Each structure stands twice: as C-alpha cells, then as structure tokens.
Amino acid sequence: MGPGLWAVVCHSPAEGVVATSLNLRAGAEYEITLQGAQRWVRKARILSVLPDRLVLQLDDGRQLTVPPRAILSARPLAGADQALRGSERPAPAVTPGPRANLTASPPGSVTGSPPVNAESFYSTYINEKGSDVSAALLLDLRTRLLMEKAGRGPSGQLRSSIAEALDVVAEQLLENDYERHESVYEQARQNIAAATSALDSVASSGPSPPAYFRTLLRQLTYVADTEHSRHVRSAVSSPDFVGSVSKERFYIGDDQTFLLTMMVELPAGDAPVEAVQLLLKNAPGLRAYGQTGFLQTLRPGETRELVQRLKVSDLALGMGEVTMSLALRFRGANGQIAESLPRTVVAALEPARGFVSVTNPYSRYSGGTPVEEQKMFFGRQELLDRIYQELTSGPLGQCFVLYGQKRSGKSSVLRQLAKRLGPPNFAVHLSLGTIDTTKAERSFVQACIDALYERLVHDFDMTDVLEHNWPRDFQVEASPIESFRRSVLASTHLIQTRKGWRDVRPIFLIDEFTYVYEYIREGLLTPAFMRQWKSLLESRTFDAVLIGQDTMPRFKEAYPNEFGVTHDERISYLSAEEARALAEEPIRISGESRYKGASLDRLIGLTAGSPFYLQIFCDRLVQHLNRNRLAFITESVVGDVLATLTMGPSALTMDKFDPLITAGGESVALVPREKYLELLTRVALTRSVTSREVGQEDAPLVRDLLAREVLEQDASGQLRIRVQLFAEWLRANNVGNVP
C-alpha cells in the first residue's frame, strides 16, 4: 500500500475479514459518514493518514482526529477525482439501511488491504455469502473492477456495465425509504439485465470474459430479489389523523346528521397503503350513516381527507356533546390488515338554527365587476407602485399599456390606481366600450371631453366650465382632435386656481382601448386616428394609462410608430400567495382560516390564481357553506362545488370561459372561436397532447394560447389547460365536439 493511502478492513470474529476498503488518500476531499453519538455526514479533506488515526479538516475549517472505526463510509468529491484511477466514479449518496454492514471495527483491527485483483476479491469475500453480502463489499468490488485496465473496447464497456449493476444493488441495500427502494430495485433489475446482455455479446464475439462475471450477475439478481422481498415484508406504514382538534363544533341538520371530515396523512418514507377506512371505535349516541369513509390508496407524504356522515341520537343531541374514538383500518404493502392507534375527538353538537351564516363578499364580483373595495383587492401592489411612481415623477406625455386576458383584473387595477392618484394628479376615467361606433372618432373625443367636464362639475363644483374656452358640440364635430386639446388645457387652467393643484397633471385612464383596433379592422375608424393619438401624446399635455385585451401586442405591431414609446405591462394570474389571500382573508372565522387540509391548494389548482374564477368559485363555496350549515371548507366541499360548476342546472355557461377562448372580437381573432374550442376540448379530453401532435394547422393557435397563458407546456412538450376548472368543464360538456 502506497504512502498516503489508507484502507479500512473490519474484522468479524465469526466471519473473518469483512472489507470496506475506503482507499482514503491524503489531500483528497470526501463526503464522510462518521459514527459518534449518532451517525452524521460532513465534507472533509484528508490532511494525514496514520495507521491508527486520520486527521480531517472539516468544511467549517475545524480539524478533527478520528480512529479508523469512526469512518462508516466515504464518497469522493470533485477534489478526489484526480486520486481515482481509471473510470472510477464516486459511490452514490444514500441513506444507510439495516443491511449496510458498514459497522465500526474494534480497536486494533486495521490491517493491510485485501487482494487488489477483482476476481480474487470476489472469490474471497463475496461468492460464498449468497444474499447476505454487504453494500460495502459490492462497492469495493466495483472500485477494483474499474481499476483494472481493460481498454475502451467491448471488454471495458462490459466492466463498466457490471460496475453500474454493482453500484445500484449496493444503493438498494442502503436505501430505507420505501418508494425510493422500489425505484432503485427496478433500476437494479434493469442494470443487471443490461450487464447480462453485454456479457452475452462479448462472449459470442471475442475472447471469453472472466468466468466469475456470470456467477456475479446471478448472485446480484438473487441479492436484489431477496432484499426486495425482505423490504416488502418488513415495510412500515403508519397512517394517522392530522390537523384535527380535540374539540370541534358541528351543526346538526333536520335529519339529525352531520358530516365528519378527518384529514389522514402517511409519513414520507413509509410504504403505501390501500383500502383505508374510517372506524368509529367508541362513540355513544353516534353511528355511521350512509357510505363508509374510504380511500382506495394513500401514498407516502400524501394528505387526504376521509368523510363520514354520522347520525346523532336524541339523547346525544340533548346533551349537546359526545366523545368519539376514531381509528384507521388499512392494508399494508405486505398484504396484512392493520389499524392505527385511536384518536379521541369531542364533538360539540348544535341544532342547525344556531348556525351563523357566512357573509358573502364575493357575490358582488363573481360576475366580473371591477373591484373597487380595497379590502377585496389582493395582489398587484408592486405593479401599482411602479406605475404610480412613473406617472407622478416622470415628464408629461407618458403612456402605460396594461393588457391581458379578459377578466384578468385589468379594470380593477385601473380603479385602484385612480384611488391612489390624489392632487395634483387629475385622473379622468372612461371606457371605449360605451362609445357610439357609427361615429367612432368623434364619439371617442366626446367621451374624453365629457369625462373631463363631469369631474370638473361633480368633484370641483365648477358650474361655469362652459365659459372658459370649452369646446362646443359643433366644434367637436368639426375638429375633434383640436377640441380634445382645448378641453385638456382649459381643465388644467381651471383646476390650477384651487389650493394644492398648482402643478396639475391630467392623466387619462382609458379602459378597453383595444376596441380601437377592432373599430379600425371593421372600418368604423380610420387608421389616421392613431396618428392623431400620437400627436396628442407628443404635445405632453397629459399622461395616459391604456387598458387592453390580449390583442394589444398585435395592435402595437400593426401601428408601431403611432404607439411610440410605451410602458407595457401584462396583467397575469395572481401568485399562489396572493390567490390564497383572496380566498382566505375575506371569510376568516375568529381569525382562523375556513379551509381545512388540502382544500385551499385544490382551489388554487383549479383556478390557477385567476381572480375572476377565484371570485366565482369562492362565491359558490360560501353559498354551499350557508346552504349546508358548514363552518369550514374541506376537499370534499371543493369537490361538491366543482361538480355544480361543471354539470347540472347550476353549471357555468360557456360565456364565463370566453376570456380563455378568444383574445378579442371576431375581427381581430386568428381563427373563429369554434376552432379554439375544438383544440381546447381535445387538450382537455386527451390529457397527453403535445405541441408536436396538434398538427401544422393548429400550431399558430397553440402558440397564441401559450402566449396568452391559457395553455401551459411541460418539459416533454405536453400541453395542459392552466385553469383546471375550464378543463373540467370541457370534459363534462365536450362543446368542441371531439369524438
């Protein structure tokens, strides 16, 4: 053994020599597993290697001297690569399992290294052990196999293939997590099969490979299968109730029943369970009513809800309180039926007449009405701050363009911005959705002038506006653009006479500006209007904030010079945090969230953070709570409301999903809305459509829907409708007539 190289050989009185052969080298870096009061892993550089001890420099700079028996395993890091020979690669980082056999050696057991030759090492330490071989021995054999020179031909590829099989079987022996163990076992079988195929290929086309290779691969198959069977037999599964309180209030319906909802969790790393059933172990005055609460499967790390309707006796209802003992019955991975430890829950029972209805703050906005109440406006604060800062501190003549899906909250942003714009900012709000399209150019200018007039009269009590160079109707008819300019200047002069308004800043907040694009395309407005709009902005007498639909990018592309320099912002979905706040905050009960378990996550997943669909869904949720006298929202409640939104007499109509179908009117659409619906229905029903499978004809539609964030695409190219409420509605109704 050369200088600076240290190999650990652990002796066992019954078995003789068991080698770990870590081959630690001075100067190299490793991820070392140390055995102390408890097992711990640290990155360290080997400073010196002595017969009875090693000196380590830890990653925090401290030096540590340890005996050989304290080293359980060592994985070479990048710094150790130069110390490795051949194509050796570091062993996998795994969680030590019960069969790791990396046990500490007794003092004085450090000896010379075992035989270097891989075949001799296999014959001496592995061949006779059958399935009782340790991960350390397999990794040691792997290292020795790779260190032997075999060139780059079939023989070298065969050794690499066998080394990969050794590697993954060792990982299987070390893995305790059930699902990772299952995954590694499948990988082990694949690697062994690949190595066996490589062995057959080499044996049939050239010099015979070492005879022990085939014996080794058969043994690896036996080791992997035996370890897997042992792991399944000894698998641990401990599902339990989570999130429940020791005492909970229930409102009893006229049929003397109530709905009990319990959250159940299976810890990560446990084996999955099946046929999970809620058991009412001991509950005087209560009995199960209707279908028993049941889950087909429960996977590790998963939290699900079990729902059971319970019937209350007259005596229990009269007492107003009952104590329940609940447990879970399930079938484990080994096929055995087991039960969890019981959980005691005290149910406070109240007649339905004691239920206090939940105030519904969402009903006002579920139809798409812009949000004006500050307490119901969530998110967009950074955007509002940025627009406000630019408008109030920059030069006059600025133009902000806010665009996005219909019903994405653009108009609500505009209303909130108007509230922020106090003196000397003179905000004037109007919408192009109400102008007379028969004389669109004049009607637009008249709407701007009328909005100025109304603000002066109603907010400033100016009754003599018309006496201050204010344009008359015939002047607007003859010269609309000049009349617009005169009205802005007249308003500025009038307001400057008021206290606090010396530096007046007119700001037009114009909603539905993309209607101009549609009017031009339909011939109701001449393209010259956009040149006139540009000249007005360049006069620097006012700022503008324009609100438009998702056709705004095409509008700007058609008139790039007329729009000039604008600040563009796309209004998208709320973040998960903002969406949760919109769903939770307005209906809290005594400061507590009404959402239990994963119900809120389910709601956010269905609506994707769209404020419009969140308001619709939350409105129906509150109605459901009040109708069924429920205080809290569970996953089953979300599921019940989803069903009413997608099917039956209370299902949403197609017009509610128009924002996700087309970007604007037919005159500016890429294709008729029926083509969009057909494609979206196919994506909803197929669930595995990729962008490459939609066909050349639909490719532009896919690009448009991706740009508008109606669709999203994963790394494999698979398409998915972002608002899953819409996808569920399409599956239930198939309006795209997809066979």
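Colleague: How are H17 and H18 oriented to each other?

Modeller: H17 and H18 are oblique to each other, because angles under 35 degrees count as roughly parallel, over 145 as roughly antiparallel, 65 to 115 as roughly perpendicular and the rest as oblique. They pack at an angle of about 135°, with their axes 9 Å apart, and H18 covers residues 611–628. Axes here are lines fitted to C-alpha atoms, for helices over the stretch in contact, with angles running from 0 to 180 degrees between N-to-C directions. Helices are DSSP runs of H or I with at least four residues, strands are runs of E with at least two, and both are numbered from the N terminus.

Colleague: And which residues make the contact?

Modeller: On the H17 side they are Leu603, Ile604, Leu606 and Thr607, and on the H18 side Tyr613, Leu614, Phe617, Cys618 and Leu621. Contact means heavy atoms within 4.5 Å. By class, this contact has 8 nonpolar, 1 polar and no charged residues. Here Ala, Val, Leu, Ile, Met, Phe, Trp, Tyr, Cys and Pro count as nonpolar, Asp, Glu, Lys and Arg as charged, and the others, Gly among them, as polar.

Colleague: Before I go on, what should I keep in mind about the source?

Modeller: This is a predicted model, where local features need pLDDT of at least 70 and side-chain atom pairs count only at pLDDT 80 or more, while totals for chains, interfaces and linings use all residues. Residues are numbered from 1 along each chain as its sequence is written, and side-chain values use heavy atoms, with hydrogens and water left out.

Colleague: Thanks. Is the crossing of H4 and H5 left-handed or right-handed?

Modeller: The crossing of H4 and H5 is left-handed, meaning that the near helix is turned anticlockwise from the far one by less than a right angle; clockwise would be right-handed. The axes of H4 (residues 178–205) and H5 (residues 212–233) come within 10 Å and cross at roughly 165°. H4 and H5 are therefore roughly antiparallel to each other.

Colleague: What is the make-up of that contact by class?

Modeller: The contact of H4 with H5 divides into 10 nonpolar, 5 polar and 6 charged residues. Among them, H4 supplies Glu182, Arg189 and Asp200, and H5 supplies Arg214, Asp225 and Glu227.

Colleague: Switching topic: how many disulfides are there?

Modeller: The count comes to 0 disulfides, taking a disulfide as a pair of cysteine sulfur atoms within 2.5 Å.

Colleague: Are Cys448 and Cys618 buried or exposed?

Modeller: Cys448 is buried, with a relative accessible area of 1%, and Cys618 counts as buried at 1% too. Buried means under 20% relative accessible area, exposed over 50%, and partly exposed in between, using a 1.4 Å probe and protein chains only.

Colleague: What about Leu383, where does it sit?

Modeller: Leu383 is in helix H7, residues 381–393, and it is buried, with a relative accessible area of 9%. Leaving out residues up to four places away in sequence, Leu383 touches Val413, Glu569 and Ile571. The C-alpha atoms of Leu383 and Glu569 are separated by 8.4 Å, although the two are 186 residues apart along the chain.

Colleague: Which elements cover the buried residues of H8?

Modeller: The cover includes H7, E20 (399–404), E21, E22 (505–511), E23 (543–548) and E24 (567–571). The buried residues of H8 include Val413, Leu414 and Leu417, along with Lys410.

Colleague: Last one: how many helices and strands does the protein chain have?

Modeller: The protein chain comes to 22 helices and 26 strands. Of its 739 residues, 49% count as buried. Among contacts between residues at least 6 apart in sequence, 70% join residues at least 24 apart.
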